[in-house]
Structure formats: C-alpha cells, structure tokens
Amino acid sequence: MDILAGLNPEQIEAVTLPHHSALILAGAGSGKTRVLTSRIAYLIQKQGVSPHEILAVTFTNKAAKEMTARISAMLPINIRGMWIGTFHGLCNRMLRAHHREAGLPETFQIMDSADQLAMVKRIIKSLNLDDEKYPPKQLQHFINGQKEEGLRPHDVSVYDTFTRTQQEIFSAYEAQCNREGVVDFAELLLRSFELLKRNEILREHYQARFKHLLIDEFQDTNRLQYQWLKLLAGKNAAIFAVGDDDQSIYAFRGADTGNMRELERDFHIRDIIKLEQNYRSHGNILDAANALIRHNASRLGKNLWTSDARGEKLRFYQAPTDLQEAEYIVEEIRALHSDGVPLNDIALLYRSNAQSRVLEHALFNASLSYRVYGGLRFFERQEIKHALAYLRLVHNPDDDGALLRVINFPARGIGAKSIESLQADAHGSSLWSKARGKSRKLDEFANLIESMRQACSGAPLPETVETVIGMSGLKSHYLHEKDGEDRLENLDELVNAAATFESEGDPLVEFLSHAALEAGERQSGEGTDAVQLMTVHSAKGLEFHAVFVSGLEEGLFPHSNSRNEAGGIEEERRLMYVALTRARRRLYLSCAQSRMLHGQTNYNIPSRFLKEIPEELVQIIGIAAFGETPAPVSGKKSPWRIGANVFHPKFGEGVVLACEGIDQVQVNFRRAGTKWLALEYANLIAI
DNA sequence: TTTCGGCGACTTTTT
DNA sequence: GTCGCCGAAA
C-alpha cells in the first residue's frame with residue numbers, strides 16, 4: 001500500500017519531512033490524524049526507523065487507540081515496542097519501569113480527581129483548617145496548578161499568610177501521598193519530568209532511544225507537558241507536533257498555545273506547514289467559521305478552504321423561549337430524519353450541560369431517541385469505586401483513602417466517632433496500622449480485610465475481583481437495596497473487565513492503574529440510532545451531517561464568566577469555531593429571547609458571534625416576531641415588549657424584563673444591572 | 001447510624 | 001430546577 005496515495009501536496013510535505021522538528025498547523029477537518037499516522041508509517045516503512053525509536057503522544061485514550069488502530073491497519077508490524085499513548089499513560093509506563101529511581105514504591109497507585117479531592121479534604125481537616133476559607137476544590141486546583149508549573153511545595157513563593165497556608169496544605173498533601181504510596185495525575189507527569197531531569201543515565205538512555213516524538217493536539221499541552229517533551233527530545237530527536245491554535249479550548253485547564261511559539265524557537269523550526277484544505281464541510285460553513293475566527297487577534301493565521309460545493313446557507317432561528325427553541329430543533333430533526341439522515345449523524349450542541357434538559361425533554365416528547373454525552377463513567381460509579389477501594393486495600397492496606405471509603409460501607413457500625421479517634425491516633429502513620437485493638441467492630445473490619453488478602457493471594461485477577469465483591473458484602477448490600485440491580489450488573493461487568501484485562505506485570509496493580517487512567521466511556525447506549533447531545537467541548541474531533549448549535553445568547557455563549565477573564569472571549573470564540581466546523585452539510589444556529597436558567601427566567605440578547613458571521617451566508621428562519629412573546633405581565637399598552645433589546649443613553653444595552661402600566665419598564669442592562677425606568681424620563685431606543 | 005430536609009452552587013474536562 | 005453536601009433529628 002502506498003502511504004502517500006490520496007494525500008494532498010501539503011499533507012505529503014508534512015508526512016515526508018526530513019529529520020528535523022516541525023510544526024503542522026492542521027485546521028479542522030484537514031486530515032490531521034491521517035497525517036500523523038501516515039508520518040509514522042512513512043518513517044518505519046520508507047526511512048527504516050524502528051518502531052522502538054518512535055514515541056507518539058495524545059491527550060485522550062480514545063485518540064491513542066485510534067492512532068494505534070490506524071497504524072496497525074497500515075503496517076504489518078507489531079506496534080508493541082512503540083510508545084503510543086497519553087501523556088499520563090506514557091509517564092506511568094516510565095515510572096513503573098524506574099520506580100526505584102523515581103522514589104516510588106513498586107506498586108504505587110494512581111488517584112483520580114475524586115480520590116485527590118477526598119484526600120485534600122482530609123488534609124484540610126487534619127490541619128484543623130476552615131474549609132470555608134480554604135475550599136478543598138480550590139486547593140486541589142492550586143496543587144495541580146503548582147505541579148503543572150513544575151513546582152514543589154518548597155518552590156511556592158509565599159508572600160502572604162493565605163499562600164503560606166496553601167503551601168502548608170500542599171506540603172502535608174505530598175507527605176500523605178508518599179505515605180500511602182499514591183500519586184495523582186499531575187504527579188505522574190511531574191515525577192517523570194523530574195526523573196529525566198535528575199537522572200542523567202536515564203535521560204540519555206531515552207534521548208538516545210526516541211528519535212521521533214510525535215504529538216497530537218499540540219495546542220492543548222500545558223507547560224509541564226512541553227518541558228517533559230523537551231527533555232525527552234534532547235538535541236537529536238525530531239519533534240513532529242500537530243495542532244490547531246484556533247481549536248485551543250482548554251486554556252482554562254492550563255493548555256498554553258504559547259507552547260507553539262516556544263516550540264518554534266526551541267527547536268529552530270524552519271517552516272510551519274499549514275493544512276488548510278478541509279475535507280469535511282461545505283463552503284458556506286467554512287466561510288462562516290473563517291469569518292468568525294478572524295475576529296480573534298492572537299492567531300497564527302490560517303484559512304480553511306474546500307473544493308466542495310458552497311452548499312446550503314446556515315440557518316438561523318431566534319425563538320421567543322428556550323422551550324420554543326427546543327421545539328423548533330425537534331421539528332427540524334424530524335424533517336431531517338424523514339429525509340433519510342440517520343439520527344446519529346445529527347448533533348445537538350450547547351455550551352453548558354445545564355442546557356441539555358429542555359432539549360432532552362422536547363426530544364422525549366417527540367419520541368425521538370437521543371443520547372447524552374457526559375455524566376458518570378464506568379470506573380467513576382459508586383459501586384465500582386467501592387469495589388476498587390477494597391481491591392486497593394487488599395493490595396496495600398496503608399491506602400488511607402481506600403480504607404476510609406469502605407471502612408463503613410456496607411455499614412458495619414463504624415461511625416464518624418470511631419473514624420475520628422482512629423485518625424487522631426494514626427497521626428503520621430497509616431490508619432490500618434492503628435486499626436486493631438481499639439474496638440470489636442474495628443477488629444472485625446481488620447480481620448475481614450486480612451482474610452480477603454489471604455483469599456486473594458495467588459488468585460487470578462477476575463477471581464480476586466469476584467472474591468472481594470463477595471466477601472466485602474457489597475454484593476449482598478446491593479442485592480437488598482431496592483434499586484441495586486444496575487449496580488450489581490456493573491459489579492458483574494467489573495469482573496468481566498478483569499477477565500478480559502491483559503497485563504504484562506502484576507495484574508492487580510495494572511488493573512487498578514487502568515481504572516484510574518481510563519475511566520471508561522462517558523455515554524451509554526452506543527450503537528443505537530440516536531440524536532447526539534453534547535457540549536461543544538466534547539464535540540471536538542467529531543463531525544456530523546447536521547449540527548445544531550443552540551443557546552447562542554450573550555451570557556451563555558459566550559459564557560458570562562468568560563467576560564472577566566483575560567482572553568476569555570477569544571477562547572469562547574474558538575469554541576464557537578469548533579462548534580461550526582463540526583458540520584458537514586447543514587448547520588443550524590439558534591437562540592432564545594428568554595430562557596429558564598437556575599430556576600429563573602433570563603432575558604438575553606443574541607450572541608455577538610452571530611453578528612460575526614456574514615449575513616449572506618445565513619438564511620434567517622423566521623425571527624420570532626416580538627408580538628409572539630409572552631404577553632407582558634401587566635400593562636396592555638406598554639410600548640415595550642418583554643424581551644425587547646433596548647439602548648439607554650446612560651446604562652447602555654439591555655433587555656426588557658417587565659412592563660408596568662404604560663409608563664414603567666424593568667430593564668436588565670448588561671453593564672448596569674436590572675433597573676425600573678419611567679419611560680417619561682428614560683430615553684429608551686430599540687436596537 | 002441512618003435519614004431527611006434545607007441550603008448553596010451552578011462553564012467547559014482529560015488524565 | 002436539581003444535585004450534592006452538611007447538619008440535625010429519629
């Protein structure tokens with residue numbers, strides 16, 4: 001098979017680049033993954049590079065799997081020796097191999113975010129700090145932020161007592177992690193980074209080994225990830241970074257597009273290859289996306305084009321209420337479906353999860369099947385986390401987090417009091433080490449764990465899992481619980497997962513790491529023909545025949561919180577760009593004049609992003625006449641209608657919330673807030 | 001120890 | 001509007 005067949009000139013240039021570092025700016029739908037995998041195939045097949053010398057890194061397990069699958073389809077080689085995976089997966093692999101040099105116990109465990117938060121809470125309590133003043137979530141964010149900057153507690157610059165306390169919590173948190181032999185996600189990266197930095201032998205070993213580092217979604221890398229890559233690359237490796245600054249929508253979690261410019265500098269990149277030919281969308285859709293993103297000042301600059309037809313115009317619908325918006329969408333979905341578009345080729349996108357409810361409701365009433373992405377993943381479910389906690393205890397009873405999770409689940413009469421006194425006692429050592437000889441119930445628990453350990457020692461993984469689920473009492477607990485059937489099914493599924501799990505070393509350790517690193521699918525009911533509902537964030541990387549972008553209102557999209565953040569609006573605009581470029585053939589944009597949010601009705605003006613799309617690309621499907629808005633609460637003859645957009649010389653733009661009689665209106669001003677105005681004096685202008 | 005009710009939060013998300 | 005957490009009552 002010819003690797004280059006069917007590639008366009010720019011793609012071929014990227015795939016066949018000589019051995020020096022490169023940055024590939026790959027626009028939406030420009031065949032990014034294809035270029036990445038073709039590059040790997042080209043290196044191996046045409047350049048005689050050994051799979052052993054290649055490291056390819058992605059952000060998500062899904063992307064890593066897809067890359068692996070595509071490469072195996074292209075090359076008849078065993079890709080085992082290749083390091084393909086997520087940043088965290090590869091760091092985990094490295095740390096397992098060199099746990100001693102990294103200062104970790106051989107069978108260290110990985111905490112997911114929820115585990116981490118629980119530990120932060122414990123630390124704050126144990127330091128007798130007020131969790132109102134030191135919200136655990138915020139501290140978790142602080143700790144992760146520091147680690148992603150490569151900072152340890154002693155590196156934190158302390159300039160006030162608040163930061164001092166944060167640093168102390170960070171410090172205590174680290175001590176606790178070390179004591180329990182657990183690491184959080186950020187720690188995987190930081191440890192791996194420090195290992196390479198300090199250990200010259202290992203660093204040189206890996207630098208000599210990996211001649212090619214390929215990075216997917218480079219715009220999403222944070223500082224630490226970039227530093228890790230830089231260290232791994234050394235002087236001789238060639239970096240092949242693929243990314244799109246216009247699709248950077250994760251700055252809020254530390255992604256730094258500045259890394260693209262740093263890469264250019266650090267690796268003396270001569271030319272940036274731009275992949276601008278789009279194979280996904282019709283012309284009008286691309287023109288709209290291009291016009292929108294041009295409003296962003298900080299870009300590397302790129303313009304998508306297609307050889308495809310212009311296609312249909314975009315369709316815009318402004319509904320009086322969110323309910324009517326949903327009804328309109330449902331009607332259009334019906335029409336599309338009867339025209340033969342499969343439901344699962346239709347996506348309904350929104351900015352925030354809270355918006356899905358109205359849409360779900362309308363779809364449900366119309367008996368259209370739908371699937372909502374988001375929600376709990378398999379390994380995050382309560383019953384699964386409980387079972388995993390027992391497994392962790394079997395493996396390492398000093399894991400306080402696991403012990404606390406299940407010491408009284410199923411209930412065995414060990415309440416808050418007993419746990420508190422145990423914690424007071426343990427001070428500096430593990431809870432397990434102090435569990436015996438305090439009370440009959442605690443002894444019974446200790447005996448239970450001990451006998452579970454014995455029952456599991458030497459047993460194969462699936463049997464261990466089954467034993468633990470049985471002996472712990474989880475099974476009988478859910479058997480007696482009224483809605484426990486699903487949970488029991490999930491526990492069975494966990495045994496299945498263990499049975500099909502392939503490991504190279506200690507099966508239990510690897511299974512537990514797998515559970516933390518790969519929390520499983522976020523959706524259920526795969527395979528059925530159903531409309532896809534998701535946030536714009538989760539739609540990244542996907543494409544659909546028809547896409548509805550709903551809730552295009554100021555305050556929602558762009559989200560109001562983004563207005564005060566530096567670069568916030570630009571990130572929202574990139575998000576909008578991602579939303580638009582998901583559509584292949586048909587793109588609907590909609591908004592509502594009034595919307596139920598957080599239990600109260602809001603009146604918002606249409607999103608500024610709508611104005612940034614050239615009119616001639618858009619077909620306006622009946623802007624709801626103001627006459628159709630719900631009648632004003634009172635005042636039959638008020639000159640203003642609820643929901644009308646107005647301008648006040650002093651307060652600026654706003655929306656009419658209510659009318660009182662003929663001369664009073666309540667207006668929600670964007671800047672000045674909500675005010676009652678006497679029309680006799682206020683000079684309101686319609687906009 | 002469990003359960004129930006009140007209160008506050010509430011953008012996006014992967015590992 | 002709804003979820004989750006915390007504190008008080010059963």
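Lys-32 and Glu-217 form a salt bridge, with their closest N and O atoms 3.2 Å apart. Lys-32 lies in helix 2 (residues 32–46) and Glu-217 in the loop between strand 6 and helix 11, so the pair ties together parts that are 185 residues apart in sequence. A salt bridge here is a side-chain nitrogen of Lys or Arg within 4 Å of a carboxyl oxygen of Asp or Glu. Helices (H or I, at least four residues) and strands (E, at least two) are DSSP runs, numbered from the N terminus.

This is a predicted model: local features need pLDDT of at least 70, side-chain atom pairs count only at pLDDT 80 or more, and totals for chains, interfaces and linings use all residues. Residues are numbered from 1 along each chain as its sequence is written, chains are lettered from A and ligands numbered from 1 in the order in which they are written, and side-chain values use heavy atoms, with hydrogens and water left out.

Lys-32 and Glu-217 are both buried. Buried means under 20% relative accessible area, exposed over 50%, and partly exposed in between (1.4 Å probe, protein chains only). Glu-217 counts as buried because its relative accessibility is 18%. The loop that holds Glu-217 runs between strand 6 (212–215) and helix 11 (223–233).

The whole structure has 41 salt bridges. One of them pairs Arg-122 with Glu-180, at 3.1 Å from N to O. Arg-122 sits in helix 6 (residues 113–126) and Glu-180 in helix 8 (residues 161–180), so this pair ties together parts that are 58 residues apart in sequence. Both Arg-122 and Glu-180 are buried.

Arg-152 forms a salt bridge with Glu-187, and their closest N and O atoms are 2.9 Å apart. Arg-152 lies in the loop between helix 7 (136–148) and helix 8, while Glu-187 lies in helix 9 (residues 185–198), so the pair ties together parts that are 35 residues apart in sequence. Arg-152 is buried, at 9% relative accessible area. Glu-187 is also buried, at 5%. Both belong to a salt-bridge network that links Lys-147, Arg-152, Glu-174, Asp-184, Glu-187, Arg-191, Glu-194 and Arg-198.

## Backbone features

Most residues other than glycine have a negative phi, and most peptide bonds are trans. Glu-217 has a positive phi, near 50°. His-268 has a positive phi too, near 45°. His-268 is in the loop between helix 12 (258–266) and strand 8 (272–275). With 63% relative accessibility, His-268 counts as exposed, whereas Glu-217 counts as buried.

Phe-409 and Pro-410 are joined by a cis peptide bond, with omega about -5°. Pro-410 is in the loop between helix 17 (400–406) and helix 18 (416–426). Another cis peptide bond joins Phe-557 and Pro-558, with omega about 10°. Pro-558 lies in the loop between strand 13 (544–549) and helix 25 (568–580).

## The second largest pocket

Rolling a probe the size of a water molecule over the atoms shows where empty space is left. On a 1 Å grid over the protein atoms alone, a pocket is an open set of points where a 1.4 Å probe fits, with protein on both sides within 12 Å along at least five of seven lines; lining residues have an atom within 4 Å of a point. The second largest pocket has a volume of about 1,400 Å³.

Its lining has 31 residues, and Ile-84, Arg-93, Glu-502, Glu-504 and Glu-510 lie nearest the centre. Helix 3 (61–74), strand 3 (83–86), helix 4 (87–97) and helix 23 (507–517) each supply at least two lining residues. Helix 4 gives the largest share, 6 residues. By class, the lining has 9 nonpolar, 12 polar and 10 charged residues. Ala, Val, Leu, Ile, Met, Phe, Trp, Tyr, Cys and Pro count as nonpolar, Asp, Glu, Lys and Arg as charged, and the others, Gly among them, as polar.

## A nonpolar surface patch

Phe-647, Ile-685 and Ile-687 form a nonpolar patch on the surface, with about 270 Å² of accessible area together. Patch residues have over 30% relative accessible area and no salt bridge, and nonpolar side chains (Val, Leu, Ile, Met, Phe, Trp, Tyr) are joined within 5 Å. Accessible areas come from the Shrake-Rupley method with a 1.4 Å probe. Ile-685 lies in strand 21 (residues 685–686). Ile-685 counts as partly exposed, at 46% relative accessibility.

Definitions and conventions. Patch = residues over 30% accessible without salt bridge, like charges linked within 9 Å, V, L, I, M, F, W, Y side chains within 5 Å. Points joined across faces, edges and corners; volume = space filled by probe spheres on them.
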